[in-house]
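Colleague: Please take a close look at the charged side chains of this protein chain. Then set that part in the context of the rest of the chain.

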Amino acid sequence: MILAQAHANLALVKYWGKTAEGGNRAANASLSVTLDGLTSLAAVRFRSRGESDRAVWHPPGPTEGLGRFVAHAREVLRIRRAVDVVVQSNFPVGSGLASSASAYAALTYALAEAADEAPGNVDLTALARSGSGSACRSLLGGFVEWQVGAEETVRQVAAADHWPLAVVIAVTREEPKHISSREGMVRTASTSPFYRAWLDANPADLSLVRDAVQRRDLAALGPVVERNALRMHATALGSTPPLLYWEPATVAVMREVWRLREEGTAAFFSIDAGPQVKVVCEPGAADGVAAALTEVPGVHRVLRSRPGQGPRMLREPPSWARLPAPWQDTPTPAGGGAT
Ligand code: PMV
């Protein structure tokens, strides 16, 4: 059994919209922070001759995309034998917490390890991105920029220990969202009159956020992160039919963050394609922010994170993982490629 893990990421400047070329090429550049502790595990083993691929989330999740990805990855990585794949996350799946980013980054790593030949010439960024666009940013730790254009690449702007920011996440809904980001992006780009303005505003936000990260300047970072998220949701709201990812508690948390700021706490929110609110603050403020968010009606629970590392191979499943029964006795290869 081959095991790899990767973390989710929070986009400080969001990716929202694809080019027409396919493979989840982004219409705009983005910049994220990899989230320690919000982790997906990918387990891969080979199936017997004559069997076909099997790929599942455990517990069940959005399996259709997973099967397509595994078929594509086998082709790209030239994996001759059929594979059995299980993906599991230690946080809610499909609800706007970037579970697809961590899952496809982990799976990219695990399948690359399963390849018969070293995948030297394979663009793992493009492979991870084909599963879920934002997964390419989870291939690196710390603060990561996804650059677009002719050469679509990811690069680390700063390592995880460059800036020990705290990320406090208010979970307002545990169930999967109604509209996937894939569908949401297509609808926004094809129907929202605000979409062009969203793309035009991207370069300014990107350079302000990149500079603020490099200077560790929360006062400069926060307002741009907040406006970037709100503009993404504004362009989505302008779609036909409209796209509203928020719950009442989402708005209540946003207001609570503004109230905290009025009281002098430097805390700033961001929201991805879902109802969860992610709040960025200095580590010293995180306890107070978490306590305040826990009290907001409609908040189910509060998660804590900080900048984390990129994916890695594992010898054993992490302690939180619960693989399906038939997997539990599957050995990892000697040496395991574990780092
Ligand atoms: O990578 P996807 O298809 O899950 O889309 C991610 C979209 C956002 O989370 C809203 C923004 C982002 O840059 O991660």
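Modeller: First, the counting rule: Lys and Arg count as positive and Asp and Glu as negative, while His and the chain ends are not counted. Each charge is placed at NZ of Lys, CZ of Arg, CG of Asp or CD of Glu. The model is predicted. On that basis, the protein chain carries 35 positive side chains and 33 negative ones. The centres of the two sets lie 3 Å apart.

Now the surface. The accessible surface of the protein chain is about 14,300 Å². Carbon and sulfur atoms account for 52% of that area.

Next, the interior. Of the 339 residues in the protein chain, 55% are buried. Cys136 is one of the buried residues, because its relative accessible area is 0%, and buried means under 20%. Cys281 is buried too, also with a relative accessible area of 0%. The structure holds 0 disulfides.

Then the overall build. The protein chain contains 8 helices and 11 strands. Take contacts between residues at least 6 apart in sequence: 76% of them join residues at least 24 apart. The C-alpha trace spans about 65 × 40 × 35 Å along its principal axes. For 339 residues, a compact globule would have a radius of gyration near 20 Å. The protein chain has 19 Å, so the value agrees with that of a compact globule.

Back to your request: the charge centres, 3 Å apart, belong to sets of 35 positive and 33 negative side chains.

Note on methods
Residues are numbered from 1 along each chain as its sequence is written. This is a predicted model: local features need pLDDT of at least 70, side-chain atom pairs count only at pLDDT 80 or more; totals for chains, interfaces and linings use all residues. Side-chain values use heavy atoms; hydrogens and water are left out. A disulfide is a pair of cysteine sulfur atoms within 2.5 Å. Buried means under 20% relative accessible area, exposed over 50%, partly exposed in between (1.4 Å probe, protein chains only). Helices (H or I, at least four residues) and strands (E, at least two) are DSSP runs, numbered from the N terminus. The radius of gyration is taken over C-alpha atoms; the globule rule is 2.2 Å times the number of residues to the power 0.38. Contact means heavy atoms within 4.5 Å. Accessible areas come from the Shrake-Rupley method with a 1.4 Å probe; for residues, only the protein chains shown count as cover.
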